[in-house]
Amino acid sequence: MVTGTKEVTPEKFRDVLRHVPTGVTVVSALAPDGPVGLAVGSFVSVSLEPPLVGFFVAKTSTTWPRIEPLGRFCVNVLGEDGEAVSRAFAVSGGDKFAGLDWRHSPMGSPVLDGALAWFDCTAHQVSEAGDHVFVLADVHDLSVRPAGRPLVFCHGTYQRLVTRKA
Ligand SMILES: Cc1cc2nc3c(=O)[nH]c(=O)nc-3n(C[C@H](O)[C@H](O)[C@H](O)COP(=O)(O)O)c2cc1C
């Protein structure tokens, strides 16, 4: 049975949204003192021509204020083996890149080794979105490991895709 209440409390909002699956990405950038990044599940394809992607960042993020002035970043889509990486990038503070291998994207942002896909981006527009900001980004280059499978986040935990037999 589908139930509803007129009042959209934060608890109700979270309770419902936890049933909506997302992929898991790490938005990374190369700051003057080294690589920085945060885990982001709100990544979305926005436009094909021109190629635009987007994601939402909480205004409480301590890493986004370090990325925004750089104007460029890489969105790394994690594969199903990326749970530990996601956990590392979902905490505030510390050296999240410790023990991680990465290389430079064509525009100089960090591409995580083992990422399922990556999008080399520059910021197009950053706009207000409640307690988040919406980051709209131009995609300059992108790549994928076609045989790889994505990490999925749903019901407050990490999941794997199961392919149905036809
Ligand atoms: C699966 C997953 C998805 C997340 N998605 C987002 C998101 O879309 N936007 C956001 O601001 N934080 C998201 N977070 C939370 C941030 O990664 C977390 O708040 C992190 O501590 C931010 O670090 P910072 O303070 O270094 O920016 C997500 C965390 C997880 C585990």
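Q: Where does His-155 lie?
A: His-155 is in the loop between β11 (151-154) and β12 (157-160). Strands here are DSSP runs (E, at least two residues), numbered from the N terminus.

Q: What is its phi near?
A: Near 55° for His-155, a positive value in a residue other than glycine.

Q: How exposed is His-155?
A: Partly exposed, with a relative accessible area of 39%. Buried means under 20%, exposed over 50%, and partly exposed in between (1.4 Å probe, protein chains only).

Q: What sort of model and numbering is this?
A: The model is predicted: local features need pLDDT of at least 70, side-chain atom pairs count only at pLDDT 80 or more, and totals for chains, interfaces and linings use all residues. Residues are numbered from 1 along each chain as its sequence is written, and side-chain values use heavy atoms, with hydrogens and water left out.

Q: New topic. What is the strand order in the open sheet?
A: Seven strands, in the order β3-β2-β6-β9-β10-β5-β4, with antiparallel pairing. Two strands pair if DSSP finds at least two bridges between them.

Q: Which are the edge strands?
A: β3 (34-40) and β4 (44-47), each pairing on one side only.

Q: How many bridges does β2 have with β3?
A: Seven, in the antiparallel sense, with β2 covering residues 25-31. Thr-25 stands opposite Val-40 in β3.

Q: And how many join β2 to β6?
A: Four, again antiparallel. Val-26 stands opposite Asn-76 in β6.

Q: Is β6 largely enclosed or open?
A: Five of the six residues of β6 (residues 72-77) are buried, so this strand is largely enclosed by the rest of the structure. Six bridges join β6 to β9, also antiparallel.

Q: Which residue in β9 is the bridge partner of Cys-74?
A: Asp-120. Asp-120 sits in β9, residues 117-129.

Q: Is Asp-120 buried or exposed?
A: Asp-120 is buried, yet has no salt bridge. That would take a side-chain nitrogen of Lys or Arg within 4 Å of a carboxyl oxygen of Asp or Glu. The nearest side chain of opposite charge, Arg-72, is 7.1 Å away. For charge, Lys and Arg count as positive, Asp and Glu as negative; His and the chain ends are not counted.

Q: So what does the Asp-120 side chain make a polar contact with?
A: The side chain of Ser-105, at 2.8 Å. A polar contact is a pair of N or O atoms within 3.5 Å; within protein, one must be able to donate a hydrogen and the other to accept it, and residues adjacent in sequence count only if both atoms are side-chain atoms. The backbone nitrogen of Met-107 also lies 2.8 Å from a polar atom of the Asp-120 side chain.
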